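Here is a short briefing on one protein chain. Please look over the sequence and the structure before reading the points.

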Amino acid sequence: MPDRDDRLRNRNLLPTTDANGMIESPLPAENVALHVLPRRLLSETAQREVGQRIDAFWVPIGTATIVANQTTTLDLRLPPEFEK
């Protein structure tokens, strides 16, 4: 089974949010689909337990249109599936 770092390199993952729920991450200019793992799978231990099946658990939370040389601000709400 690939380790967590291998899985993360295979996705366009954003960093964890700060205490204010904010992130800053350079992305290429494109439309990006945004997803989150359910709360129960946020720990490395939980992710290791589901292993390669992790892709089945991503919950869509929205899309972003990234424009070159512009800051994109999004207000995203976690869906009820996040708590499951």
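The protein chain holds two helices and two strands. Along the sequence they follow the pattern α-β-α-β.

**Confidence**
- The mean pLDDT of the protein chain is 82. A score of at least 70 is reached by 86% of the residues.
- Confidence is lowest in helix α1 (residues 4–9), where the mean is 46. Confidence is highest in helix α2 (residues 44–50), at 92.
- Over residues 1–10, pLDDT stays under 50. For this stretch the model has twelve contacts beyond four places in sequence.
- Where pLDDT is low, predicted coordinates should not be read in detail.

**Burial, surface and contacts**
- The protein chain has 84 residues, and 21% of them are buried.
- The protein chain exposes about 6500 Å². Carbon and sulfur atoms supply 48% of that area.
- Take the contacts in the protein chain with a separation of 6 or more: 57% of them join residues 24 or more positions apart.

**The strand pair**
- How do β1 and β2 pair, parallel or antiparallel? The sense is antiparallel, over six bridges, with β2 spanning residues 59–65.
- Asn 31 of β1 has Thr 65 in β2 as its bridge partner.
- β1 has two faces: Val 32, Leu 34 and Val 36 form the covered one. Asn 31, Ala 33 and His 35 form the uncovered one.

**Gln 47**
- Gln 47 sits in helix α2, the element with the highest confidence in the protein chain.
- Is Gln 47 buried or exposed? Gln 47 counts as buried because its relative accessibility is 6%, under the 20% cut-off.
- The Gln 47 side chain reaches the backbone oxygen of Leu 42 at 3.5 Å.

**Ile 23**
- Ile 23 lies in the loop between α1 and β1, and β1 covers residues 31–36.
- Ile 23 has a relative accessible area of 37%, so it is partly exposed: the value falls between the 20% and 50% cut-offs.
- Which residues does Ile 23 contact, leaving aside neighbours within four places in sequence? They are Leu 14, Pro 15, Thr 16 and Thr 17.
- Ile 23 and Thr 73 are 50 residues apart in sequence. In space, their C-alpha atoms are 9.9 Å apart.

Definitions and conventions
Residues numbered from 1 in each chain as written. Predicted model: local features only at pLDDT ≥ 70, side-chain atom pairs only at ≥ 80, totals over all residues. Heavy atoms only, no water. pLDDT = per-residue confidence, 0-100. Helix = DSSP H or I, 4+ residues; strand = E, 2+ residues; numbered from the N terminus. Contact = heavy atoms within 4.5 Å. Buried < 20%, exposed > 50% of the residue type's maximum accessible area, 1.4 Å probe, protein only. Polar contact = N/O pair within 3.5 Å; in protein donor to acceptor, adjacent residues only side chain to side chain. Pairing = 2+ DSSP bridges. Areas by Shrake-Rupley, 256 points an atom, 1.4 Å probe, with all protein chains shown as cover.
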